[in-house]
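Here are my notes on the model, in the order I'd read it. Have it open alongside.

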Number of protein chains: 4
Amino acid sequence: VAETEREGTRLEAFSDGVFAIAMTLLVLELTLLPKDVANGIPLWDALTHLWPKFLSFTLSFATILIMWVNHHGLFRRIRKVDAHLLFTNGLLLLFVTFIPFPTALLGDYLTVHGTAADARVAAGFYALAFVAINAAWALMWQAISHRRKAVAPGISDHEARALTLSLVIGFISYATAVGLAFFNALASVGLCMLLAVFWTYQAFRHHPEAE
Amino acid sequence: VAETEREGTRLEAFSDGVFAIAMTLLVLELTLLPKDVANGIPLWDALTHLWPKFLSFTLSFATILIMWVNHHGLFRRIRKVDAHLLFTNGLLLLFVTFIPFPTALLGDYLTVHGTAADARVAAGFYALAFVAINAAWALMWQAISHRRKAVAPGISDHEARALTLSLVIGFISYATAVGLAFFNALASVGLCMLLAVFWTYQAFRHHPEAE
Amino acid sequence: VAETEREGTRLEAFSDGVFAIAMTLLVLELTLLPKDVANGIPLWDALTHLWPKFLSFTLSFATILIMWVNHHGLFRRIRKVDAHLLFTNGLLLLFVTFIPFPTALLGDYLTVHGTAADARVAAGFYALAFVAINAAWALMWQAISHRRKAVAPGISDHEARALTLSLVIGFISYATAVGLAFFNALASVGLCMLLAVFWTYQAFRHHPEAE
Amino acid sequence: VAETEREGTRLEAFSDGVFAIAMTLLVLELTLLPKDVANGIPLWDALTHLWPKFLSFTLSFATILIMWVNHHGLFRRIRKVDAHLLFTNGLLLLFVTFIPFPTALLGDYLTVHGTAADARVAAGFYALAFVAINAAWALMWQAISHRRKAVAPGISDHEARALTLSLVIGFISYATAVGLAFFNALASVGLCMLLAVFWTYQAFRHHPEAE
C-alpha cells in the first residue's frame, strides 16, 4: 500500500512540475513589439499595444491553473497507476507543454501582425490546442474509468458521470470555438474566456468546502 | 487528517515550484545590450552598461524570495484548503509569474533605451506589479482569515492583525512608489529597494529562532 | 532506513525536476520561421512550414517521457545511493538537459534552412545525443548492478539481464541511426521514431498492471 | 519534531528546484552563432565553432551539480531552519540562478566574438561568479556552524573543520582564477575545470559508501 501511495504521488509531483513550468514559461512571450522598440515609440504606447499578449497570457495561465486544480482533484483519488494512465497522462502533459506556442501566436496575431485572416488562424489554432487537451483528458479518464473500482475506488458513479459529461461539454465547446474562428477571431477567443470562467465556477461548486 | 495534510502540502509544493521558476527565469533577461554587441564595444564596458539589469534582477529576486519566505510561513499553518484559497493563491501566482516582464522593462528602460519619460513609465509599471501582488495577497489572506479558526487555527488574533497591518503598509508603500514614478524613476525604484530591506528585516524579526 | 529512503527520494525528485524542465523547455524552440514573419507570409502557410519542428518537439518529448518512466521504474527500487550512482545519474541528466539543442537543430535543418548535407548532420547529431544518453544510462546501470544485492535488492537476475539487454539494443539502434544519417536524414529520424514506439511498447509490457 | 523535519525538507525542495532549473536553463545558451546562420555556413562547421559554448555549458552544469550534491549532503543533516539560514541560503540561490549569464558570456567571448581582452574579461567574470557563490556558501556555513549543536547536531567537529577548510580552499582557488584571467583566459578556465574535477573527487571520497 505504501509503495502504491508513493507511485501515485510521484506521478502527481511530476505532472505538477510540468504544469507549473508551462504556466511560468508563458511570461517569456511577454515582450515589447520589435517594431515599437525599433521605432522608439514611447514606452507607455508600446505597453498599450501589448493588450492581446496580456489577454492571451492571462487566459492561458488561468486555463492551465484550472486544469491543474482538476488534475489534482482527480489524482488525489487515484490509488493505482498502470501504464495506460502513465501514457495518457503523458499525452496530456505534451499538450499542456505545447500551450505557450499557440498563446504566443494569439498574442502576436490577434491584432498586431498580419491580416484579419491571420487573426482567425491564430484564434482557431489556439482553440484547437484545447480540443487536443480535452481529447487527451478524455483518453486519460477512459484509462481510469475503465477499471474505476480498482484504480480510484473513491469516485462514485455519480461523480464519474459528472466528469464524463463535463469532458463532453468541454470538447463540444472548444470545437465550437474552433468553428467560430472561421468567422470571427474575437468571438472565438471570447468563447475560450467564457469557458475559463465556467470551469472556474464548476471548480468552486464541486470543490469541497474544506479538505 | 492525513488527506488534508497532503492537500495543503501539494498546494505548497506547486506554489514553491512557480516561485522557484519565476525567480530563475529572471536570469534570461540578463543579456548584453544588442547595440553594444553590434558596435563591438569592449566587453568590460558592455558589462558596466548593464547595471540597471543587475539592479532589477537582484531586486526582483530578493523581493520574490521574501515573498516565498512569507508564503511558506503562512502555508505551514494552513490546515484546510478550499476553493477560495486555491484561486486567490492562483491569482497571486499569476502576478508572481508576471514579474520577469516588468523586471525586464526596468532593466531596459531605467537608463539605457528611451527617454526619461520611458524610465518613469518602467518604474511605475514595476511598482504597479507589486501593488497587484499585494492585492492578490490581501484577497488570499481574506479567504483565510474569514474562517481562520477552521482553516488555520494556529494563527493567533495578534498575528492575524500583524499580517493585516503589514499588507496595508505594503499596499500604501507600493502605491506610493507608483505615485513617485510620475516624478522620478530612481526615487520610485529606491522605495522598492527600501521595502525589500524592510520586509527582510520583518521576516528576520518574526521568524522563530529555530523551527 | 528512513534516512536511506529519504535520500533516494530526493535524488528521484531532483532528477524528475530536470526531466520535467527539459521536456517543457522544448516548446521554446517552437517559433515561426523568421523569414516567414519577415516576408509577411499568411499564418496558416507559416504554420505548415513548421512540421519538422512539430515532429522534433513531439519525438523529443515522447522519448524523454519514456526515459522518465524507465528512470522512475528503476529508482523506485533503489535502496542505497552512493557517489557512483549520484554522478552517473548526473551525467545522464547532463545529456537529458542537452536534448533541446539537437531538437532545435533537427527542427530547423531537417527541411527548412540549409542543404541536404545539413539535414543529414542535424539528424546524425540528434541520434548521437541519444547514443550519449544511452551510454550514460549504461554507466549508471553498471554502478547499480555492480552491487545490486545491496543497492537494489528487489531487482531479480532476470530483470537485470533484461535491462542490460535493452541497453545494448538501444545503443546499437541509436548508433545505427547515426550511421543512417550519413545516407538519409529522414531514414535516421524514422528509426528514432520507431525506437520511441518500441520503448513505449516495452514500457507497457513490463509495467505492472497496477502498482 | 515532525514540523521541524518538514520545514527543513521544504527549504531543501525549494533549493533543489532552483538548482535544477538553473542547470536546465543553461541549454538555452546553446544556439548556433548568428553570423554562421546568416552566412549559410555548413551546419557541421557551425557546430565545431560552438566548442566554447559546449565547454562552458558542461563546466557550469558539472559545477552546479557538484554544488547540489554538497548542498544536499549538508541539508540532510540540518535539523533547524532559522532566518539566517533562510536568507544566506537565499543569497546562495541568487548567485546560482545568475550562473547562466557568465556561462553565456564565456561561451560567446572565449574565442568567437570580440578581442583577446574580451576573452579575459569573460573568463574573469565567470570565475568571479564562483567567488561570489563561495562567499555565499561561507556565510551560510557560518549561520549553521555558529550554533551547530542546535542546528545540525550530527556534524562532528572534525567534519565542520573539513568543510571550513574546503571553503577557504575554494575561495582562494576561484580568486586565483580571477587573477589568472588578467593574463590568460584559457588558464583561468582551465583552473575552473581542475576545481570541478577536484570537487568531484572530494565528493566521491567523502560520500558514504551507501546511504
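1. Starting with the fold: along its sequence, chain A reads α-α-α-α-α-α-α-α-α-α. That is 10 helices and zero strands, where helices are DSSP runs of H or I with at least four residues, strands are E runs of at least two, and numbering starts from the N terminus.

2. Before going further, the ground rules. This is a predicted model, with local features needing pLDDT of at least 70 and side-chain atom pairs counting only at pLDDT 80 or more, while totals for chains, interfaces and linings use all residues. Residues are numbered from 1 along each chain as its sequence is written, chains are lettered from A in the order in which they are written, and side-chain values use heavy atoms, leaving out hydrogens and water.

3. On overall dimensions, the C-alpha atoms of chain A fill a box of roughly 65 × 35 × 30 Å along the principal axes. Of its contacts (heavy atoms within 4.5 Å) between residues at least 6 apart in sequence, 76% join residues at least 24 apart.

4. Of the 211 residues in chain A, 55% count as buried, meaning under 20% relative accessible area, with exposed being over 50% and partly exposed in between (1.4 Å probe, protein chains only). Chain A exposes about 8300 Å², and carbon and sulfur atoms supply 68% of that; the areas are Shrake-Rupley values with a 1.4 Å probe.

5. Look at the nonpolar patch on the surface: A:Leu165, A:Ile169, A:Phe198 and A:Tyr201 together have about 380 Å² of accessible area. Patch residues have over 30% relative accessible area and no salt bridge, with like charges joined within 9 Å and nonpolar side chains (Val, Leu, Ile, Met, Phe, Trp, Tyr) within 5 Å. Helix 9 (157-181) and helix 10 (185-206) of chain A each supply at least two of the patch residues. A:Leu165 sits in helix 9 and is exposed, at 53% relative accessible area.

6. Which residues touch the most other members of the largest nonpolar core? In that set of 311 residues, they are A:Phe101, B:Phe101, C:Phe101 and D:Phe101. A core here is buried Ala, Val, Leu, Ile, Met, Phe, Trp, Tyr and Cys residues joined through side-chain atoms within 4.5 Å. Leaving aside residues up to four places away in sequence, A:Phe101 touches A:Phe125 and several residues of chain C, including C:Val27, C:Leu30 and C:Phe54.

7. Finally, the chain pairs. Chain B puts 34 residues in contact with 42 of chain A, and the two bury about 3400 Å² between them (accessible area lost on being put together, 1.4 Å probe, summed over both). Chain A and chain D do not touch, their nearest C-alpha atoms being 10 Å apart.

Methods:
A salt bridge is a side-chain nitrogen of Lys or Arg within 4 Å of a carboxyl oxygen of Asp or Glu.
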